[in-house]
There are 2 protein chains.
Amino acid sequence: MARTALHDNVLDALGQRIVSGTLAAGTVLTLDTIDSEYDVSRSVSREAVRVLASMGMVASRQRVGLTVQPRTSWQVFDPRLIRWRLESDDRVAQLRSLGELRSGFEPVAAGLAATRATPEQCGALAAAASDMVVHGRSGDLEAFLAADVLFHQIVLEASGNEMLAALDGVVAEVLTGRTHHHLMPANPKDEAIDLHVEVARAVRSGDATAAREAMAAIIEEATGAVVDVDTDEGGGPDSTNVG
Amino acid sequence: MARTALHDNVLDALGQRIVSGTLAAGTVLTLDTIDSEYDVSRSVSREAVRVLASMGMVASRQRVGLTVQPRTSWQVFDPRLIRWRLESDDRVAQLRSLGELRSGFEPVAAGLAATRATPEQCGALAAAASDMVVHGRSGDLEAFLAADVLFHQIVLEASGNEMLAALDGVVAEVLTGRTHHHLMPANPKDEAIDLHVEVARAVRSGDATAAREAMAAIIEEATGAVVDVDTDEGGGPDSTNVG
DNA sequence: TTGACCCAATAAATCTGATTATTGGAGGAA
DNA sequence: TTCCTCCAATAATCAGATTTATTGGGTCAA
């Protein structure tokens with residue numbers, strides 16, 4: 001494993017160090033430093049640095065070296081960067097940002113899906129919602145999560161907008177991140193599940209307004225739940241909100 | 001200029017060829033081909049390819065070469081990719097996608113800004129809205145566009161969400177792209193300008209709901225305008241919608 | 001003293017050539 | 001046919017040299 005993707009290892013290591021703040025903005029590195037620190041050749045360090053530069057995380061200048069850039073210049077939609085932030089202390093802030101973002105685009109996606117979804121997508125959506133009902137009752141959290149993720153991915157895909165569809169990974173990260181970091185508790189709320197069923201129904205019947213509003217209600221409820229447990233990462237109430 | 005950023009030239013050239021469809025999905029390249037075609041060394045082609053790979057546009061495999069990837073695997077939020085698409089025949093589709101996206105996140109940003117904007121940001125927002133009124137009357141389209149772009153950037157910045165703030169470039173591209181490609185006509189509508197003033201007022205007074213609704217109205221009107229002129233890129237009606 | 005100009009050190013940028021590892025496919029054996 | 005082995009193509013990596021741009025400091029003249 002260490003043999004393959006040599007430059008990817010270096011990229012990951014540097015990215016995580018920058019995100020975590022170990023390498024603060026303004027810190028200056030040199031290629032030589034990276035070469036010797038990770039024991040790789042110039043090609044490898046250069047390619048890793050080139051990708052970091054394309055993400056706005058470092059800037060390279062001759063005679064100076066590689067300067068770590070401030071957060072404002074980062075490409076925060078890069079999935080790699082999102083993953084690094086979710087793995088770091090920055091996790092809660094990242095989840096909050098993503099949650100606010102979701103409250104914007106997911107209702108829009110649901111509305112568009114009501115107009116554009118194919119019959120197959122409508123069927124898949126109903127199936128996913130049904131799975132959520134089943135696993136919500138049985139208490140199988142992992143299966144519930146899987147159905148939840150699938151549900152939202154189908155909606156995004158059915159929106160017919162490739163940029164919305166591209167956000168599926170983001171949504172999946174948020175949902176799994178919340179569950180696995182215990183930012184939401186054990187028993188999915190019936191109301192939240194019902195809202196998913198309602199979205200599926202509205203999309204099938206082509207009711208864009210209803211789809212949009214139901215999806216907005218889903219996100220709003222889930223967002224509220226995160227705020228509630230914001231300062232209490234470990235524990236959690238005995239009922240939960242599902243996104 | 002051609003001397004600096006050698007690898008960036010290659011990156012741009014390859015990216016544009018892939019976006020335009022000249023290099024269709026499934027096409028296989030080799031590093032040797034790139035080396036000789038652009039007359040650069042291995043290091044340069046490798047670094048360009050590495051960035052393209054990080055954008056999901058090509059995948060490299062030993063013994064095979066570089067395979068151009070289908071659109072579904074592209075990182076469509078990468079600003080570079082957005083620029084390439086706006087420069088290509090794909091422009092109208094890209095603008096439509098971005099428009100739908102805006103209708104999701106901009107109202108949310110306005111609502112958050114109403115809660116979080118600093119007094120300075122409120123002042124800057126009022127100033128930008130005022131500029132829009134002035135230049136809308138005087139008919140100075142470029143100055144109007146600049147004020148419009150600035151207005152939306154302030155709102156995104158004031159949202160206090162770094163992912164929303166990062167979308168400022170996207171919004172700027174949409175607004176300037178629409179204007180410069182004559183997807184919207186000469187005289188800004190008074191109603192649209194009034195809505196901007198209303199957003200500024202709502203943000204200053206902390207009225208999140210009003211800010212959100214006014215911003216949603218702005219986007220909705222602008223989106224409708226694009227649909228109207230969708231098949232008539234060159235001409236245009238004699239009144240316009242402003243985003 | 002002050003300002004403009006020049007120089008040398010530094011580190012990225014680029015080039016060159018070689019070695020290594022992977023893998024798709026060809027060819028032979030069971 | 002089916003499976004195994006070998007080969008050649010190509011990315012991946014390494015090592016070192018050369019080129020170029022930047023910049024801090026020194027020199028010299030006003």
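## Interface between the chains

Of the interface residues of chain B, 96% are also interface residues in chain A, so the copies meet through the same surface. The model described here is a predicted one, and in it the contact draws 25 residues from chain B and 24 residues from chain A.

On chain B, the side that touches chain A receives at least two residues from each of H3, helix H5 (91-116) and helix H8 (162-165). H5(B) gives the most to this side, with nine residues. Sorted by class, the side of chain B that touches chain A comprises 11 nonpolar, seven polar and seven charged residues.

## Relation of the two copies

Chain B is superposed on chain A by a rotation of 180° with 0.0 Å of shift along the axis, and the RMSD of that superposition is 0.0 Å. The two copies are thus related as by a two-fold rotation axis. Within chain B, the C-alpha nearest the axis belongs to B:Gly104, and it lies 2.2 Å from that axis.

## Surface near DNA strand C

Around DNA strand C there are 23 residues, of which A:Thr30, A:Gly65, B:Leu6, B:Ser41 and B:Arg63 are the closest. Chain A takes part through helix H2 (31-38), H3 and strand E3 (65-68), and chain B through helix H1 (6-20) and H3, each of these elements supplying at least two residues of the surface near the strand.

With three residues, H3(B) gives the most to the surface near DNA strand C. The residues of this surface divide by class into seven nonpolar, nine polar and seven charged.

## Surface near DNA strand D

H3(A) gives the most to the surface near DNA strand D, with three residues. By class, the surface near DNA strand D holds seven nonpolar, eight polar and seven charged residues.

Methods. Residues numbered from 1 in each chain as written. Chains lettered and ligands numbered in written order. Predicted model: local features only at pLDDT ≥ 70, side-chain atom pairs only at ≥ 80, totals over all residues. Helix = DSSP H or I, 4+ residues; strand = E, 2+ residues; numbered from the N terminus. Nonpolar A, V, L, I, M, F, W, Y, C, P; charged D, E, K, R; others polar. Near = placed C-beta within 6 Å. Least-squares fit on C-alpha atoms with pLDDT ≥ 70 in both. Contact = placed C-beta atoms within 7 Å.
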